[in-house]
Amino acid sequence: MGTDSIAALRKARRQEQLVSKRLLREDVAAEEGGQDGAVVVPDPLSVDEVLELLRDVQRGSEDRKKSLSRLRWALQNKETQQKFVRLDGSIRTLIGLFTSSLADMQMEAARCLHELSHSSDPDVAETCLPVTSYLLTYLSGHSVEFTELCLYTLGNLVVESEAVRKQILPQGIIPVLTSCIQSPHEAVLEGLGYVLSQLLQAKEAPTEIIPLVLDSVLPQYMLRLVCSGLKAGVGVAVEFAWCLHYIVCSHAANAVLLSLGALPALTSLLFDLASEIPQDAPEGLELLVCPVLRCLSNLLAEETGYEVQIQDERLLIALFLILQCFLQQHPFIVQECLWLLNNLTADKPFFCSALLSLDLLPALLQLLPCSQMASVLVLTVLCNIAEKGPAYCQQLHWQHALPLLLPTLTLPDPEVVGQCLELLHLLFLHWPEAAADFLRQGGHHALEQHQSTPELQERARALLDMIGQPLGASAFSPCHATLSAFS
């Protein structure tokens, strides 16, 4: 995966979505005078200058390719793009050259179309609508470079144009992509993953696109490419991991993925990734870890019966290795890991017992101050453990959870404090010694300060009553069940 692609994905992840346009322009800066890889955007051309370039391209002289290259360079400017597409016959001329038998002219025309597809102006992208059928046709042949360029041009066009998406579905884009996914070339696979990820994020994807994908062999190949991890190239694995994530978020597709062995396969991949991280982790690895964690979380959020396939305590070790390695540089991974940890511990006691027996509780409690959401999720995981009964609450007490919970009660966030109160209720209910210890540590003072907080006062009062009468009734609701990770 190129540096530009990684940067684009990171920016999109910060914006909580992965819809983005990509630009293949690695050699342009060097060709056109950019220094140190910097892209130099040309000044806008006048309408007359654009018209003259178009005429030069149409004349068929020996300098035709040179004129086409100048046009491609000029089309990097937004104003020039708008002037060009308004000229009568401009797109038809490019399509004519794009479909010609002259390979060098075809490639330059493809680069011009690619520049237009990257435009932020929807009107510019719409003018490229007639080229989509040719883009699909050329995905099955030509050079790797040409195929890659067609893929990214197509991906750019489907990002924001519903008209393009409605046109390419009947034209057979899914069968074409199914054919491309068997390519041995990493660049082609990465470009294909980009196109598919853009399609799967469209608003009509759950009803119109995902069913077509599920009826093909694409999910099988996608899972295989993701689970090959770094062997297929981090860029390929990243693109298809996000594709799987978008499919999983539709929920209707999960039965298909589960039948393909998605849970054990992704779990095994997580083991491999955790073992790679402490060594020489490649650039952008967090962009692969994130969707893998989300896929596992969402698959586990459903009652499927497949959960028994992943009762392996090594998964906890892998999670905490990932937490440790990404905590400082990519703290958003903490939240992703905790979503998965919550869904692992929500219903089955296996991972609750493993977390305690592997002495991972101190590492979990250290995540409490990371963020508001991390605090809530850590406390929810602890509630999942405490809900399993006296033996688990005894372990939480003996492993000194209480001293770290007391500062949490003083936080100004009602959601965090409320989750802490729920945890204390479970501890006091199942292990009365914890209530006595809490009282000795002065915990009642922390509870008393919440008696005037409307959303907390009833539960705080109930806990104060439990300290005096450990087995008394309470005003608490049941613990949280599994949670769907971010969609």
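Predicted model: local features only at pLDDT ≥ 70, side-chain atom pairs only at ≥ 80, totals over all residues.
Local features require pLDDT of at least 70 and side-chain atom pairs pLDDT 80 or more, whereas totals for chains, interfaces and linings use all residues. Residues are numbered from 1 along each chain as its sequence is written, and side-chain values use heavy atoms, without hydrogens or water.

A search of the whole structure found 1 cavity of 30 Å³ or more (a set of points on a 1 Å grid over the protein atoms alone where a 1.4 Å probe fits but cannot get out; lining residues have an atom within 4 Å of a point). The lining consists of Leu223, Leu244, Val248, Leu257, Ala262, Leu266, Cys295 and Leu299, and divides into 8 nonpolar, no polar and no charged residues.

Arg22 is located in the loop between helix H1 (3–14) and helix H2 (28–32). This arginine is buried, with 4% relative accessibility (buried means under 20% relative accessible area, 1.4 Å probe, protein chains only). The side chains of Arg22 and Glu239 are joined by a polar contact of 2.9 Å (N or O atoms within 3.5 Å, one able to donate a hydrogen and the other to accept it).

The structure contains 8 aromatic pairs (ring centres within 6.5 Å; stacked if the planes are under 30 degrees apart). Tyr152 and Tyr194 form a stacked pair, with 5.2 Å between centres and 25° between planes. Tyr152 belongs to helix H10 (residues 144–160) and Tyr194 to helix H13 (residues 186–200), so the pair ties together parts 42 residues apart in sequence. Tyr152 is buried at 2% relative accessibility, and Tyr194 is buried at 0%.

Definitions and conventions. 1 Å grid on protein atoms, 1.4 Å probe; cavity = no way out; pocket = protein on both sides within 12 Å on 5 of 7 lines; lining within 4 Å. Points joined across faces, edges and corners; volume = space filled by probe spheres on them. Nonpolar A, V, L, I, M, F, W, Y, C, P; charged D, E, K, R; others polar. Helix = DSSP H or I, 4+ residues; strand = E, 2+ residues; numbered from the N terminus. Buried < 20%, exposed > 50% of the residue type's maximum accessible area, 1.4 Å probe, protein only. Phe/Tyr/Trp six-rings, centres within 6.5 Å; stacked < 30°, edge-to-face > 60°.
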